[in-house]
Amino acid sequence: MSVFTVGICQMGVIPDKLANIEKARTMIGDAAIKGSRLVVLPEMFNCPYQSELFPDYAESVADGPTITMLAECAAQNKVIVVGGSIPEKDEAGNVFNTSFVFNENGDLIGRHRKVHLFDVAIKGGTVFQESKTLAAGSSMTVVNTSLGTMGVAICYDVRFPELARAMALKGAQVIIYPAAFGPVTGPAHWELLMRARAVDNQVYIIAAAPALNAAAEYKAYGHSMIVDPWARVLAVASEEETVITGKVDFRTLEKVRDELPILKHRKPEVYED
Ligand SMILES: O=C(O)CCC(=O)C(=O)O
């Protein structure tokens with residue numbers, strides 16, 4: 001499909017997993033009513049963004065209420081759902097920051113486990129250590145869907161242009177980043193990074209953030225954003241809870257790639273060892 005609407009659910013996350021699941025269900029429905037064929041949720045949408053909480057909120061693919069809700073919503077609304085991310089537990093007890101992707105029939109068609117864990121200590125700013133409780137994923141995620149080819153990566157993964165480039169070279173036309181930037185790096189880098197990944201790779205970027213919850217320990221920056229392959233911001237939220245939508249049009253992608261053929265002009269033999 002060359003033209004379709006994408007919806008981002010910029011939802012507020014609270015310390016109540018079942019309430020977060022129900023909020024996501026409602027907002028996916030709202031996005032569908034607005035005409036979205038692809039609906040994206042934020043990073044850790046069922047759990048406050050706090051390392052020590054991830055294991056408690058984690059669930060497994062086999063019997064998770066969040067995963068069940070995502071599959072049901074996709075099928076009921078006939079939309080593709082990129083389920084932001086949630087803490088996912090594997091059989092060995094490892095917990096990952098994982099995004100699950102469902103097609104319009106409610107079938108699981110993709111899964112991305114965050115590759116680059118957010119372990120940073122910014123003086124006077126954000127200190128976070130995901131690796132205290134999370135294990136890292138070890139593969140790239142590019143999913144073929146009825147709407148096109150989509151790359152999925154999570155938040156801090158956006159800071160690694162190699163990953164986005166690799167997804168684009170694998171055919172991604174849209175790169176989806178469920179994310180949760182904070183009050184320090186959000187204003188400094190959020191828009192810059194999203195537009196940079198779009199212009200580097202001539203893809204659509206869908207960046208889905210949680211709404212700001214003033215009571216939360218980690219203050220989300222919000223500003224969910226849809227960017228086109230020319231790096232134009234097609235839609236952007238502020239900090240509040242909202243559903244934003246925008247149009248993905250692959251004719252724009254083809255035009256940009258034809259007129260400015262950077263992907264064809266690459267010289268990998270110069271950059272690779
Ligand atoms: O890269 C950043 O500045 C924010 C990253 C982040 O919050 C995350 O990976 O969850």
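Which polar side-chain atom lies 2.9 Å from an oxygen atom of the ligand? Hi everyone, the answer is one in Glu43.

A quick word on the model before we go on. It is predicted, so local features need pLDDT of at least 70 and side-chain atom pairs pLDDT 80 or more, while totals for chains, interfaces and linings use all residues. Residues are numbered from 1 along each chain as its sequence is written, and side-chain values use heavy atoms, leaving out hydrogens and water.

Back to the ligand. Arg159 has a side-chain N or O atom 2.7 Å from a ligand oxygen, and a polar backbone atom of Tyr156 is 3.0 Å from a ligand oxygen. A polar contact here means a pair of N or O atoms within 3.5 Å. On its own the ligand exposes 290 Å², and the protein buries 100% of that; these areas come from the Shrake-Rupley method with a 1.4 Å probe.

Who else is around the ligand? Among the surrounding residues are Tyr49, Lys114, Phe118 and Cys155, counting a residue if one of its heavy atoms lies within 4 Å. By class, this shell has 7 nonpolar, 1 polar and 3 charged residues; Tyr and Cys count as nonpolar, Lys and Arg as charged.

Finally, the record. An unreviewed UniProt entry annotates residues 4-250 as "domain: CN hydrolase", and such annotations may be inferred rather than shown by experiment. The end C-alpha atoms of that span lie 9 Å apart.

Notes. Polar contact = N/O pair within 3.5 Å; in protein donor to acceptor, adjacent residues only side chain to side chain. Helix = DSSP H or I, 4+ residues; strand = E, 2+ residues; numbered from the N terminus.
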